[in-house]
Amino acid sequence: MAVFLQPSLSSVPKLESAVASRPLRGRRGSGGPRMCAAPDPLTAVAGLLWGRSLPPQSLVAAVRTAWSAAWHLMMRQLAPSARAGTYSRPPSAFPSVSDEYYALPLESLRLHLYVGLPCPWAHRTIIVRALRSLESLIPVSIASPGADGSWDFTDGGGGGAGGGGLVPGADRAGGRRTLREIYGSRRGGYEGRSTVPMLWDSAKGEVVCNESYGIVEFLNSIPGGGPDLSPPELRVRIEQWNQIIYPNVNNGVYRCGFSQSQEAYDSAAEKLFETLELLEAHLAVSRYLCGDALTLADVCLFTTLIRFDLVYNVLFRCTRKKLLEYPNLHGYTRDIYQIPKVAATCNFDAIMDGYYRILFPLNPSNIRPVMPSGCSHEALSKPHNRG
């Protein structure tokens, strides 16, 4: 037990005479400026109601009940859940690219990609577009998350023509102000959620696909200058890994963060970290998920891992371990980050703003924490020693 000693009075310097002889600023009638600031209105009201005491228990209980009801209402809108409080991701309205687009010659493609930088699902498409060297063939417009959860376009910025120019900007295809306007302009209109990523047919004015995996499969099929991320001999293994990673890691972090009951959270967290341990063991003996070749499965895992310590560990309560505590997973993340063109797709400030300053029900204070040192470009650029 620590013992705190009170100094004797004899050890305290005698300041009475100095204080008495010094003019007091702000003393009534002295002519000097007054030093005491008026309390803010909330503090003044609280002082009148209960002085310096804590708020009465009845008020605390009433505010807690009201906030809990409002929180559940907002969460149901933000993150639909099953009766047990388990997050249930809504299905995409346009889940796959139709065969007609696979058959079109390159010169006939009039496609435009819409993304948002905070979104891990959109990040998949940006990476595949870059690795396949499709920047000139598939232009992209980058939206910013709005305070109400919408995706908006700004007048400034380059809109992300490619390479390191991935910044929010204008709608480069149709000059619309919001993504909702673009969805609504399709033939027959649209009343559902306006989500990213979204592949748009600029010639027809039609949504081609708004499911991330459907888009990356299509982008990978377009002849380009980069590696095939889904070679025929690995497709079965890629799908096997996707069946593990999507529900337990990609969607698993959201099932933790958007849980609306303790039981739902406990179940999601257990499955998440059980799967991370499985991946940690596998990556001890394999450079990538399917061997020595980077595949779509790795891209899909990477976009969650790169956000893990940055966002999910704190905001989504994925707290059992940080990614930094998994030597193989962290090295694997650095390995992919250091592949040419990948780092340029990672905008950490936009990611942090998109979560901490937009997801109000999870972070009502709107305060963005300091970026973890292990998530900086310098830390992620350190040697990974994985081949």
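**Ground rules.** I am working with a predicted model, in which local features need pLDDT of at least 70 and side-chain atom pairs count only at pLDDT 80 or more, while totals for chains, interfaces and linings use all residues. Residues are numbered from 1 along each chain as its sequence is written, and side-chain values use heavy atoms, with hydrogens and water left out.

**Strand E1.** I took helices (H or I, at least four residues) and strands (E, at least two) as DSSP runs numbered from the N terminus. I looked up strand E1, residues 111-116, and found six of its six residues buried, so the strand is largely enclosed by the rest of the structure; buried means under 20% relative accessible area, exposed over 50% and partly exposed in between, with a 1.4 Å probe and protein chains only. In a regular strand the side chains alternate between the two faces of the sheet. In E1, I noted that Leu111, Leu113 and Val115 point one way and His112, Tyr114 and Gly116 the other way.

I then checked the pairing of E1, where two strands pair if DSSP finds at least two bridges between them. E1 and E4 (residues 198-201) run antiparallel and are joined by four bridges, with His112 opposite Trp200. E1 pairs with E2 (residues 140-145) in the parallel sense, over four bridges, and Gly116 has Ala143 of E2 as its bridge partner.

**Helices H5 and H7.** I found H5 (residues 120-131) and H7 (residues 212-221) packed at an angle of about 5°, with their axes 9 Å apart; axes are lines fitted to C-alpha atoms, for helices over the stretch in contact, and angles run from 0 to 180 degrees between N-to-C directions. The two helices are therefore roughly parallel to each other, a label for angles under 35 degrees.

**Helices H8 and H11.** I looked next at H8 (residues 235-250) and H11 (residues 296-305), which pack at an angle of about 15° with their axes 9 Å apart. That makes H8 roughly parallel to H11. The contact includes Trp241 and Ile245 of H8 and Cys300 and Leu301 of H11.

**Gly224.** Last, I looked up Gly224, which lies in the loop between H7 and H8 and counts as partly exposed at 42% relative accessibility. Leaving aside residues up to four places away in sequence, Gly224 touches Arg132 and Leu134. The C-alpha atoms of Gly224 and Arg129 are separated by 9.3 Å, although these residues are 95 residues apart along the chain.

Technical notes. Angles under 35 degrees count as roughly parallel, over 145 as roughly antiparallel, 65 to 115 as roughly perpendicular and the rest as oblique. Contact means heavy atoms within 4.5 Å.
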